[in-house]
Each structure stands twice: as structure tokens, then as C-alpha cells.
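The following report describes selected features of one protein model. The sequence and coordinates are shown first, and the description follows.

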Amino acid sequence: MSYYDQHMHTHFSPDSAESFENYLEQTDGLLVTTEHLDYHDAYNGGVDTVLDYAAYTEKIDALNAIHEGRIRRGIEVGYTPESHARLTSYLEGKAFDVILLSVHQNGRYDYLQPIIDEMDPKAVMKEYFELCTEAVRQVDGANVFAHFDYGIRRLSVTVDDLREFEPALKRLLKEILTKEMALELNTRSMYEYKNADLYRYMIGLYLEMGGTRFSLGSDAHSVQKYRYHFDDALALLRELGVSELTLFNNRIAYTEPI
Ligand SMILES: [Zn+2]
Ligand SMILES: [Zn+2]
């Protein structure tokens with residue numbers, strides 16, 4: 001069991017207060033944190049959420065010196081069309097083991113904000129999936145497409161609703177395949193926001209299209225959610241005939257059996 005949780009946050013993200021030290025206590029193996037980069041962060045009052053790369057790498061280097069190099073560096077890039085140029089220039093020359101790509105907001109509001117409840121759910125879905133596809137197309141060098149359902153977490157979407165968007169979802173998956181990115185199983189989405197059936201459907205589409213790369217991440221913001229419901233997500237993958245997960249070291253993909 002050499003795979004590890006490939007989506008976690010510490011206090012280097014504004015919405016987490018967790019420490020590396022606490023995560024290190026959860027395992028003797030490798031771990032990675034994937035801290036937020038969201039310009040004009042609607043969820044955070046419109047300020048720029050920018051990872052302090054110097055402090056982040058300094059902290060990891062210091063801990064790695066006494067913990068056998070067990071910590072890898074990651075970042076979760078939140079795409080908006082307006083921030084694309086700034087995201088690209090931020091990433092230039094910085095060393096990460098894994099880059100997650102996310103769509104959290106549309107430049108005006110975050111998809112987890114209450115304003116979503118007043119909108120037409122189908123219009124939200126259409127906008128969100130198109131934005132996801134654009135994100136994957138525009139951003140080069142990302143490794144994992146995170147929580148494909150983030151934009152619909154507040155909506156009560158059924159598999160039948162999602163099926164209506166199958167052409168849009170296939171366009172998104174086609175871009176993910178072209179970029180050789182992994183599709184994330186976000187276990188908080190699946191088992192906290194109760195979207196496991198949506199993941200089952202999306203994974204089925206991805207497999208049909210020839211997809212093989214899966215990433216497993218809890219999106220933990222505290223150790224309580226570390227490897228959240230991993231056994232359930234792994235059982236789903238095995239049931240669907242998947243036998244390995246894709247991990248990234250220095251942004252090079254490799255696989256581990258499940
Ligand atoms: Zn996210
Ligand atoms: Zn996250």
C-alpha cells in the first residue's frame with residue numbers, strides 16, 4: 001500500500017489550520033499537501049490566495065531532513081479565465097511534485113456560496129462544466145483534475161441530471177485524456193457531499209473513453225479527514241475493474257497497485 005492521499009491542505013491554505021506534523025503522525029509513508037492558489041478568491045472575500053512558496057518549501061525541507069524525505073510538494077490551482085496569465089507566471093520556475101487543477105469559482109462567485117441556491121441548476125451545470133473544460137485546455141503542466149463535481153456540490157444533482165450533460169462531460173474528459181492528467185476521486189465529494197453515484201457514472205465514462213489514470217484524494221483540511229473513506233472509494237474502483245492509482249513525483253506519473 002504505497003499510494004497516499006493526493007489531495008490535502010495545511011495552514012499554508014487559508015481555509016485550513018492543520019500542521020504537517022499532525023499529518024506525519026498519521027503515517028510512516030509518504031504524504032503530499034496540495035495548497036490553494038486562487039486569484040481573486042471569491043470564497044475568501046475576493047483577495048488573492050497565493051501560496052507562500054518560499055515558506056512552504058523551507059518548512060518541507062526542514063521536516064524532510066528529519067523525516068526521511070517523506071513530504072512531497074503540491075499545489076491546487078484554481079482556474080478562472082481572468083487569472084490564467086497570473087497562474088501561469090506563478091508556476092514558472094517553481095518545483096512541485098503534483099499540480100491539481102480545479103475550478104472553484106467563475107470570477108464572480110464560488111460554487112459553494114449560497115447564491116448558487118437561487119440559480120437555475122441546469123444553467124450552473126452548463127457554465128461549470130464548460131469552465132472545467134476550458135481550464136484543462138488552457139492550463140499546461142497540471143497533473144490531476146480535482147473534484148469534477150465541485151460546482152454542483154450545492155445542487156441536488158442525480159445521475160440522470162448528469163447524463164443530460166454527457167456530451168459536455170465527454171468534452172471535459174477528452175481534454176483530460178489529451179493532457180494525460182489523472183481524474184481525481186475526491187472522497188469528501190463522494191461521501192460527505194454524497195456524490196459517490198455521480199463519480200461512479202463519471203468514472204464509467206472515463207473508462208469507456210480509454211482513461212486509466214486515477215488519483216485518490218480526501219481534500220482533508222484537518223487530520224480528521226485524512227484518507228477519508230478511502231476503503232469505500234477503492235472498493236468502487238476495484239468493482240469497476242481498476243487495479244492501480246496514479247501518483248506523481250516531480251510531476252512524473254507512476255502507478256501503485258490497489
Ligand atoms: Zn478544491
Ligand atoms: Zn482542496
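Y53 is found in helix α2, which covers residues 53-66; helices (H or I, at least four residues) and strands (E, at least two) are DSSP runs, numbered from the N terminus. At 17% relative accessibility, Y53 counts as buried, where buried means under 20% relative accessible area, exposed over 50%, and partly exposed in between (1.4 Å probe, protein chains only). Leaving aside neighbours within four places in sequence, Y53 is in contact with R73, Y90, K94, A95 and F96; contact means heavy atoms within 4.5 Å. The C-alpha atoms of Y53 and E35 are separated by 9.8 Å, and the two residues are 18 apart along the chain.

This is a predicted model, in which local features need pLDDT of at least 70 and side-chain atom pairs count only at pLDDT 80 or more, while totals for chains, interfaces and linings use all residues. Residues are numbered from 1 along each chain as its sequence is written, chains are lettered from A and ligands numbered from 1 in the order in which they are written, and side-chain values use heavy atoms, with hydrogens and water left out.

**The sheet**

Strands of a sheet pair through backbone hydrogen bonds, either parallel or antiparallel. Here, seven strands form an open sheet with mixed pairing, in the order β2-β1-β3-β4-β5-β6-β7; two strands pair if DSSP finds at least two bridges between them. The edges are taken by β2 (47-49) and β7, each with a single partner strand, so one side of each is left without a neighbour in the sheet.

Strand β6 (residues 182-186) is mostly covered, with five of its five residues buried. Both of its faces are covered: A182, E184 and N186 are buried on one side, and L183 and L185 on the other. Strand β5 (residues 144-145) runs parallel to β6 and is joined to it by two bridges, with F145 standing opposite L183. Strand β7 (residues 214-217) is also parallel to β6, and four bridges join the two; in this pairing L185 stands opposite L216.

A further pairing involves β8 (residues 244-249) and β9 (residues 252-257), which are antiparallel over six bridges. T246 stands opposite T255 in β9. These two strands form a hairpin with two residues between them.

**Residues with positive phi**

Most residues other than glycine have a negative phi.

| Residue | Phi | Location |
|---|---|---|
| H40 | about 45° | strand β1 (residues 31-41) |
| N250 | about 55° | turn of the β8 and β9 hairpin |

H40 counts as partly exposed, at 42% relative accessibility, whereas E180 is exposed, with a relative accessible area of 54%.

**The zinc ions**

The protein donors of the zinc ion (ligand 1) are E76 (OE), H104 (NE2) and H147 (NE2), which lie 2.0 to 2.1 Å from it. Donors are N, O and S atoms within 2.8 Å of the metal (3.2 Å for Na, K and Ca); water is not among the atoms, so sites may look incomplete. Along the sequence, the donor residues of this ion are spaced E-x27-H-x42-H. E76 coordinates both the zinc ion (ligand 1) and the zinc ion (ligand 2), which are 3.4 Å apart.

H104 lies in the loop between β4 (98-102) and α4 (121-138), and H147 in the loop between β5 and α5 (159-164), so the pair ties together parts that are 43 residues apart in sequence. Both H104 and H147 are buried.

**Packing of α8 and α9**

Two packed helices are described by the angle between their axes and the distance between the axes. Helix α8 (residues 196-208) and helix α9 (residues 230-239) pack at about 30°, with their axes 11 Å apart. Axes are lines fitted to C-alpha atoms, for helices over the stretch in contact, and angles run from 0 to 180 degrees between N-to-C directions. In this pair, A196, R200 and I203 of α8 meet L236, L237 and E239 of α9. By class, the contact has four nonpolar, no polar and two charged residues; Ala, Val, Leu, Ile, Met, Phe, Trp, Tyr, Cys and Pro count as nonpolar, Asp, Glu, Lys and Arg as charged, and the others, Gly among them, as polar.
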